[in-house]
Amino acid sequence: MNNYKDVIIRPIITEKTMRYMDENNVVTFEVKKGTNKIHIRQAVENIFHVDVEKVNVMNICPKKKRMGRYVGKTKAIRKAYVKIKEGQDIDLFGEAETK
C-alpha cells in the first residue's frame, strides 16, 4: 500500500465497540475492501504509533430494508477489530474529550 490513510476509512463508534475498547483494548475500524490483515496492521501502527497484537476482519453483507413500499439495501462494509497491546491507547475523540 502506498498510503496508509487509504486503508482505514473511519472508526466505528457504537456502545458495543466502546465496551470492547474498555474491557479488551480492541478498536474497531471500517477498512477498504480488498485489504488484508497485514495492510491493516501496518496502517494502524504507522498512523496511531501503537503496537498491534491481533487483527480480525469481517465482511458485513448488505441487508434489505423497507420504508413503506420502498425497498433498498444497506451498504456492504469490511470491518476490522484491532487488538492493541496492554498499556497503549488510541485516542479517537481528539483533545475535546480530555477537558
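**Exercise 1. Which residues is Ala 43 in contact with, leaving aside its neighbours within four places in sequence?**

Solution. Start with the partners: beyond those neighbours, Ala 43 is in contact with Tyr 4, Val 7 and Ile 8, where contact means heavy atoms within 4.5 Å. Then place the residue: Ala 43 sits in helix α2, residues 37-48. Helices (H or I, at least four residues) and strands (E, at least two) are DSSP runs, numbered from the N terminus. Buried means under 20% relative accessible area, with a 1.4 Å probe and protein chains only.

A word on the model before going on. This is a predicted model, in which local features need pLDDT of at least 70, side-chain atom pairs count only at pLDDT 80 or more, and totals for chains, interfaces and linings use all residues. Residues are numbered from 1 along each chain as its sequence is written, and side-chain values use heavy atoms, with hydrogens and water left out.

**Exercise 2. Describe how strands β4 and β5 are joined.**

Solution. Begin with the strands: β4 (residues 64-67) and β5 (residues 70-73) run antiparallel and are joined by 4 bridges. Two strands pair if DSSP finds at least two bridges between them. Now pick a bridge: Lys 65 has Gly 72 of β5 as its partner. Last, look at the turn: 2 residues lie between the strands of this hairpin, and Gly 68 takes a positive phi near 70 degrees.

**Exercise 3. Find which residues touch the most other members of the largest nonpolar core.**

Solution. First, recall that a nonpolar core is a set of buried Ala, Val, Leu, Ile, Met, Phe, Trp, Tyr and Cys residues joined through side-chain atoms within 4.5 Å. The largest one has 16 residues, and Phe 29, Ile 40, Val 44, Val 82, Ile 84 and Ile 90 touch the most other members. Two or more residues come from each of β2 (26-31), α2, β3 (52-60) and β6 (77-84). Then follow Ile 90: leaving aside neighbours within four places in sequence, its contacts include Phe 29, Val 44 and Ile 84.

**Exercise 4. What pattern does the chain follow along the sequence?**

Solution. Count the elements: the chain has 2 helices and 6 strands. Read in order, they give β-α-β-α-β-β-β-β. To finish, consider burial: 27% of the 99 residues count as buried.

Technical notes. Buried means under 20% relative accessible area, exposed over 50%, partly exposed in between (1.4 Å probe, protein chains only).
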